[in-house]
Amino acid sequence: MKAVIQRVKSASVTVDGKLVSEISKGYLVLVGIMEDDGYEEMELMARKISSLRVFEDESGKMNLDIHDVSGEILAVSQFTLCADVKKGNRPSFSKSMAPKEAEKLYKDFCEKLREYGVKTVKEGIFGADMKVALINDGPVTILFDSDIWKKKQ
């Protein structure tokens with residue numbers, strides 16, 4: 001499972017010219033689900049993101065998490081994070097999870113963020129052609145890949 005977490009002042013998703021979701025201060029989380037991902041990867045990713053400390057405290061240090069700042073999350077499914085670009089110039093998406101299974105894991109991920117105490121978790125529309133807008137704060141952008149926790153130390 002892969003996720004790009006962007007600390008934002010605001011973010012929104014529009015589909016067919018209609019506003020679907022928007023948040024103010026918080027994270028825009030782009031989520032890519034690989035064919036071999038499961039509950040364990042999803043739960044770990046939600047736990048790590050919900051406790052990520054990248055908001056500044058009174059000293060200007062990144063010490064605060066999403067709960068500390070009453071932040072919101074906008075989670076957007078993005079299978080293109082699963083792209084394999086090793087060969088040629090056209091990305092392969094063969095390692096991404098099949099849509100039906102990926103949608104369930106994406107929905108479970110959003111629910112798990114809520115279970116970890118994130119009060120506002122909004123979503124894009126799975127599989128839709130979405131227009132995503134954001135004002136990146138910092139900019140602060142963090143890349144999570146569940147594979148890093150699978151590798152032997």
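Colleague: How many bridges join strand 3 to strand 6, and do the two run parallel or antiparallel?

Modeller: General idea first: two strands pair if DSSP finds at least two bridges between them. Strands themselves are DSSP runs of E with at least two residues, helices are runs of H or I with at least four, and both are numbered from the N terminus. Here, strand 3 and strand 6 run parallel, with six bridges joining them. Within that pairing, Val29 stands opposite Ala75 of strand 6.

Colleague: Before we go on, what kind of model is this, and how are its residues numbered?

Modeller: It's a predicted model, so local features need pLDDT of at least 70 and side-chain atom pairs count only at pLDDT 80 or more, while totals for chains, interfaces and linings use all residues. Residues are numbered from 1 along each chain as its sequence is written, and side-chain values use heavy atoms, with hydrogens and water left out.

Colleague: Back to the sheet. In what sense do strand 1 and strand 3 pair?

Modeller: Antiparallel, over seven bridges. Take Ile5: its bridge partner in strand 3 is Val29. When you look along a strand, remember that in a regular one the side chains alternate between the two faces of the sheet.

Colleague: How many residues of strand 3 are buried?

Modeller: Burial is read from relative accessible area: under 20% is buried, over 50% exposed, and in between partly exposed (1.4 Å probe, protein chains only). In strand 3 (residues 26–32), seven of the seven residues are buried, so the rest of the structure largely encloses this strand.

Colleague: Now the charged pairs. How many salt bridges does the structure hold?

Modeller: A salt bridge is a side-chain nitrogen of Lys or Arg within 4 Å of a carboxyl oxygen of Asp or Glu. The structure holds ten. One of them joins Asp145 to Lys2, with the closest N and O atoms 3.2 Å apart. Asp145 is in strand 8 (residues 130–145) and Lys2 in strand 1 (residues 2–15), so this pair ties together parts 143 residues apart in sequence. Another is Asp137 with Lys9, at 3.8 Å from N to O. That pair also links distant parts of the chain, 128 residues apart, with Asp137 in strand 8 and Lys9 in strand 1. Asp137 is buried at 16%, whereas Lys9 is exposed at 51%.

Colleague: And where do Glu115 and Lys112 lie?

Modeller: Both are in helix 2 (residues 99–115), three residues apart, which is about one turn of the helix. Glu115 is exposed at 52%, but Lys112 is buried at 12%. There's also a network: Lys107, Glu111, Arg114 and Glu123 are joined by salt bridges that share partners.

Colleague: Last one, the rings. How many aromatic pairs turn up?

Modeller: You describe a pair of rings by the distance of the centres and the angle of the planes. Rings of Phe, Tyr and Trp (its six-membered ring) pair if their centres lie within 6.5 Å; planes under 30 degrees apart are stacked, over 60 edge-to-face, the rest tilted. The whole structure has three such pairs. In one, Phe79 and Phe93 have ring centres 4.9 Å apart and planes at 65°, so that pair is edge-to-face. Phe93 counts as partly exposed, at 30%. Tyr106 and Phe126 form a tilted pair, 6.0 Å centre to centre with 40° between the planes. Tyr106 is buried at 0%, while Phe126 is partly exposed at 25%.
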